[in-house]
Amino acid sequence: MNILIVDDDSELLEQLSLSLKKKHYGVETAEDGEKALDKIFEIPYDLILLDIMLPRLDGLSVLKEIRAAELNTPVLMLTARGDVEDRVKGLDYGADDYLAKPFSMVELMARIRALLRRDGKRDPILKAGAIHLDSISRIVTWNTVPLNLTAKEFSILEFLLHNKGSVVSRFNMAEHVWGNDFDPFSMSNFVDVHIKNLRKKIKTHGDSSIIRTVRGIGFIIDE
């Protein structure tokens, strides 16, 4: 499996390259958007890790060029914390997934494995039981009935569904949803409050057990 990493942070490029090579992936790198396109149109890749903030040509423009050329290579966008607008644009332009910086290597590897299993078929719908979440339209339904979620509730549910089958810690959840705005001292119960409200909305439609609490750690969605 060959992976192209596109990022202008040389230290991050080196770290990701070493980590992926240890997992026996073939790795190529590019530090700007123009070099990335040159490589993408020259060599077939199984997956592209693409930062949004790039010199010469930004990541969203690179993504548009890839999809305009009808290349279905899975693309995992790397975004800044809390930059929801760029995430939505990326998904609209044809990204398969996104991951906010800074991220854990464990989560990155899980996302990579999931994308490679898709075999190039992009599906923006995340599912668990009767819950369907469309990461592009940002519509969530329970047995086709729309759920009216706040932006934070949507982000929490989406993050849990992306990590379905794995426990997500409260801290990682808070970092993902609130980014640099999260203060562990003054906002320590924010995640629990939003999880409680999310469960109430799901329970209204007959199922409150989809999000399970793992005592002392965090939360999990497992079927």
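1. In this predicted model, the buried residues of helix α7 pack against α4 (84-92), β5 (97-100), α6 (151-162), β10 (168-169) and α8 (190-203). Helix α7 itself spans residues 170-178, and its buried residues are Met-173, Ala-174, His-176, Val-177 and Trp-178. Seen down the axis of α7, these buried residues fall within an arc of 165 degrees, so they line one face of the helix.

2. Two of the helices that pack against the buried residues of α7, namely α6 and α8, also meet each other, with Lys-152, Glu-153, Ile-156, Leu-157 and Leu-160 on the α6 side and His-194, Ile-195, Asn-197, Leu-198 and Lys-201 on the α8 side. By class, this contact of α6 with α8 has five nonpolar, two polar and three charged residues. The axes of α6 and α8 come within 10 Å and cross at roughly 85 degrees; because crossing angles of 65 to 115 degrees count as roughly perpendicular, the arrangement of α6 and α8 is described in that way.

3. Strand β3 (residues 47-51) contains Asp-51, the position at which UniProt, in an unreviewed entry, places the feature "modified residue: 4-aspartylphosphate". Is Asp-51 buried or exposed in the model? With a relative accessible area of 6%, Asp-51 is buried, since the cut-off for that class is under 20%. Leaving aside its neighbours within four places in sequence, Asp-51 is in contact with Val-6, Asp-7, Asp-8, Gly-59, Leu-78 and Lys-101.

4. Lys-89 lies in helix α4, which is among the elements against which the buried residues of α7 pack. At 33% relative accessibility, Lys-89 counts as partly exposed, because that class takes in values between 20% and 50%. Although Lys-89 and Leu-60 are 29 residues apart along the chain, their C-alpha atoms are separated by 7.7 Å.

Notes
Residues are numbered from 1 along each chain as its sequence is written. This is a predicted model: local features need pLDDT of at least 70, side-chain atom pairs count only at pLDDT 80 or more; totals for chains, interfaces and linings use all residues. Side-chain values use heavy atoms; hydrogens and water are left out. Buried means under 20% relative accessible area, exposed over 50%, partly exposed in between (1.4 Å probe, protein chains only). Helices (H or I, at least four residues) and strands (E, at least two) are DSSP runs, numbered from the N terminus. The arc is that of the directions from the helix axis to the C-beta atoms. Contact means heavy atoms within 4.5 Å. Axes are lines fitted to C-alpha atoms, for helices over the stretch in contact, and angles run from 0 to 180 degrees between N-to-C directions. Angles under 35 degrees count as roughly parallel, over 145 as roughly antiparallel, 65 to 115 as roughly perpendicular and the rest as oblique. Ala, Val, Leu, Ile, Met, Phe, Trp, Tyr, Cys and Pro count as nonpolar, Asp, Glu, Lys and Arg as charged, and the others, Gly among them, as polar. UniProt positions are given in the numbering used here, feature names are shortened, and annotations may be inferred rather than shown by experiment.
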